[in-house]
Amino acid sequence: MGKTSWGVLGLLFACQVHGAPTLTVATDVWPPFRIEMPDGRLGGLDMDILQQLQRRSGIRFEVKQVPWGRALKQMQTGQVDLMIGLAMTAERATFIDYLQPAYYQCRPAFYGKGTEVSTLRSYADLQGHRVGYVLNSAYFEPFDSDSRLDKHGVPTEEQLLRMVQRGHLPLMIGTDCQVDYALSRGKEAGLRKASYQPSQPVVLYLGMSKRSPHQALQQPLALALQELVASGDIATLAKPYQP
């Protein structure tokens with residue numbers, strides 16, 4: 001199954017509102033936020049949130065699964081309207097409007113096996129270690145912009161986990177929401193979380209392309225999102241996905 005096939009992987013939520021506009025959401029697999037189901041559709045927390053936003057706002061969403069980096073480029077050009085699960089960066093903010101409030105947060109963490117993890121007690125201890133990360137991801141500063149570190153980028157978190165588990169990389173960075181979820185389900189056994197964990201959270205947003213033709217829908221979307229967060233419904237939706 002080709003993950004870049006828009007027609008095959010496009011998911012139009014079943015709850016149809018007559019005459020409601022449809023916005024295109026570009027995203028990729030990132031459990032537990034976006035989980036690829038056996039039939040090829042996406043499930044997970046972010047899809048649950050989009051369903052609730054659709055119910056509250058009357059705005060329909062067509063979700064297209066494309067590689068994360070490509071999704072960002074399509075946000076730049078206005079080929080798609082929205083992305084979900086976005087960390088905020090200054091570069092992205094030049095072409096994305098981040099809808100307030102943020103709807104979730106995780107923390108960056110480092111994972112590995114054996115002594116590679118046990119000796120990692122501070123940021124300075126990363127020097128001299130090769131650290132894997134997912135391309136086009138934002139974790140925290142100074143890590144993201146630190147050219148002194150030996151960093152190795154790969155396309156997906158799943159690939160990164162496999163490389164560390166098999167010993168091809170000694171360490172990896174990830175977000176605890178995602179990696180702890182994978183480890184709790186027995187994937188990539190033997191990986192451990194380092195005791196050092198940066199204090200800066202990875203805050204997640206729903207973002208709209210500045211070149212989307214549907215700018216007028218930002219306000220109703222933001223209001224629906226605000227209601228979801230304030231009501232505690234997102235926290236309730238998240239419980240089944242927490243390790």
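Predicted model: local features only at pLDDT ≥ 70, side-chain atom pairs only at ≥ 80, totals over all residues.
R107 is partly exposed, and its relative accessible area is 33%. That figure falls in the partly exposed class because the class lies between the limits of 20% for buried and 50% for exposed. R107 sits in the loop that joins β7 (96–106) to β8 (108–112).

Next, show the surroundings of R107. Beyond the neighbours within four places in sequence, R107 contacts G174, T175 and D176, and also Q197, P198, S199, P201 and V202. From this group pick P198: its backbone oxygen is 3.0 Å from a polar atom of the R107 side chain.

Now move to C106 and select C177 with it. These two cysteines form a disulfide, with 2.1 Å between the sulfur atoms. The link joins distant parts of the chain, 71 residues apart: C106 belongs to strand β7, and C177 to helix α6 (residues 176–184). The structure has one disulfide. Look along the S-S bond of C106 and C177: the angle about it is -115°, and the link is left-handed.

Finally, colour the two cysteines by accessibility. Are they buried or exposed? C106 is buried, at a relative accessible area of 3%. C177 has 16% relative accessibility and also counts as buried, because the cut-off for that class is under 20%.

Notes
Residues numbered from 1 in each chain as written. Heavy atoms only, no water. Helix = DSSP H or I, 4+ residues; strand = E, 2+ residues; numbered from the N terminus. Buried < 20%, exposed > 50% of the residue type's maximum accessible area, 1.4 Å probe, protein only. Contact = heavy atoms within 4.5 Å. Polar contact = N/O pair within 3.5 Å; in protein donor to acceptor, adjacent residues only side chain to side chain. Disulfide = S-S within 2.5 Å.
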